[in-house]
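Have the sequence and the 3D view handy, and let's take a walk through this fold.

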Amino acid sequence: MAGSQTRAGAPGAVHGTVPADTTEDVRARGDRVPRQVAVLPVGSFEQHGRYLPLATDTLVACAVAGELAAAYPVHLLPPVTVSCSHEHAAWPGTVSISATTLHAVVRDIAESLRRSGVAALAVVNGHGGNYVLGNVVQEATARGERMALFPAPEDWEAARVRAGVATSLLTDMHAGEIETSVLLHAHPEVVRPGHGTADHVADDRRHLLSLGMAAYTDSGVIGRPSLGSAEKGKALLASLTDSFGAYFSLLTADAGDAGGGRGQ
């Protein structure tokens, strides 16, 4: 899904990063599956060096979620655009909310969806600092609700290998090869000059939570953005779309069912 693209007048349409569905589109899509699944992109608003926008994580989450909505009969939601970016507070423009607030927002959205007949929620997380989302899903599952967090590290690793991304997930921490590639493919208009000379490696970040990002990078970058390309971004999204099949099957299956593949 190209972020600058506008598609309207059809189920699953988007305007920028905002879905353009009507309530009848949602009803019709729900009739195709045993249990309807909503997809919620969760991003952030935080520094990504000199060449990527503050909204990078939101744009990446929306790019992933948009591809999922094009491949599976899911109810695409608008993104949560501000989240837990406290480690980036040293850079101007970064905005955060508390983990408690993010937890409450996602839980409230899930409850609202269930009241309107959408029984399952897949949270598409675009920001590694949103640790609390794992707790949201764990607690929902313990209550007997249908919820999943996507992508898992294993999904990103499979996508990295398939796309030919050279940087490891450890090294590619922030504004690196993966994020630059996805935006070069999905939103090339927002990528500014400078990523070709911005590589910075800091693999030992054991005190990140105590010291913040500023202890490990002056530029705000940790990774190798110089290796990013639109081709890699396209392949990354394609791999993640395939990986989501198991999540979709899990969320829509009857109790005790197992299976994989796309739910169309």
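Let's start with alanine 175, which is buried because its relative accessible area is 0%, and buried means under 20%. Keep in mind that this is a predicted model. You'll find alanine 175 in the loop between α5 and α6. Most residues other than glycine have a negative phi, and most peptide bonds are trans.

Phenylalanine 150 and proline 151 are joined by a cis peptide bond, with omega at about -5°. Proline 151 sits in the loop between β6 (146-150) and α5.

Next up is helix α6, which covers residues 177-186. How many of its ten residues are buried? Eight of them are, so the helix is mostly covered. The buried residues are Glu177, Ile178, Glu179, Thr180, Ser181, Val182, Leu183 and Ala186. And what does the covering? The elements over the buried residues of α6 include α2, α5 (153-163) and α8.

Those covering helices also meet one another. Two packed helices are described by the angle between their axes and the distance between the axes. Here are two such pairs:

| Helix pair | Axes come within | Crossing angle | Handedness |
|---|---|---|---|
| α2 and α8 | 9 Å | roughly 55° | right-handed |
| α5 and α8 | 8 Å | roughly 140° | right-handed |

Take α2 (residues 56-71) and α8 (residues 230-252), whose axes cross at roughly 55°. That angle makes α2 oblique to α8. On the α2 side, the contact is made by Ala63, Val64, Glu67, Leu68 and Ala71, while α8 brings Leu237, Leu240, Thr241 and Phe244. What kinds of residues are these? The contact of α2 with α8 divides into seven nonpolar, one polar and one charged.

From α5, the contact uses Asp155, Trp156, Ala158, Ala159, Arg160, Arg162 and Ala163. From α8 come Lys232, Ala235, Leu236, Ala238, Ser239, Leu240, Asp242, Ser243 and Tyr247. By class, the contact of α5 with α8 has nine nonpolar, two polar and five charged residues.

Valine 33 lies in the loop between α1 (23-30) and β3 (37-42). Is valine 33 buried or exposed? Valine 33 is buried, because its relative accessible area is 10%. Valine 33 and alanine 253 are 220 residues apart in sequence, yet 9.5 Å apart in space, C-alpha to C-alpha.

Finally, how confident is the predictor? The mean pLDDT of the protein chain is 92, and 90% of its residues reach 70 or more. Over residues 1-10, though, the pLDDT is below 50, and this stretch has 23 contacts in the model beyond near neighbours in sequence. Residues 258-264 also stay under 50, and for them the model has 16 contacts beyond four places in sequence.

Terms used. Residues numbered from 1 in each chain as written. Predicted model: local features only at pLDDT ≥ 70, side-chain atom pairs only at ≥ 80, totals over all residues. Heavy atoms only, no water. Axes fitted to C-alpha atoms, helices over the stretch in contact; angles between N-to-C directions. Helix = DSSP H or I, 4+ residues; strand = E, 2+ residues; numbered from the N terminus. Parallel < 35°, antiparallel > 145°, perpendicular 65-115°, else oblique. Left-handed = near helix turned anticlockwise from the far one by under 90°. Contact = heavy atoms within 4.5 Å. Nonpolar A, V, L, I, M, F, W, Y, C, P; charged D, E, K, R; others polar. Buried < 20%, exposed > 50% of the residue type's maximum accessible area, 1.4 Å probe, protein only. pLDDT = per-residue confidence, 0-100.
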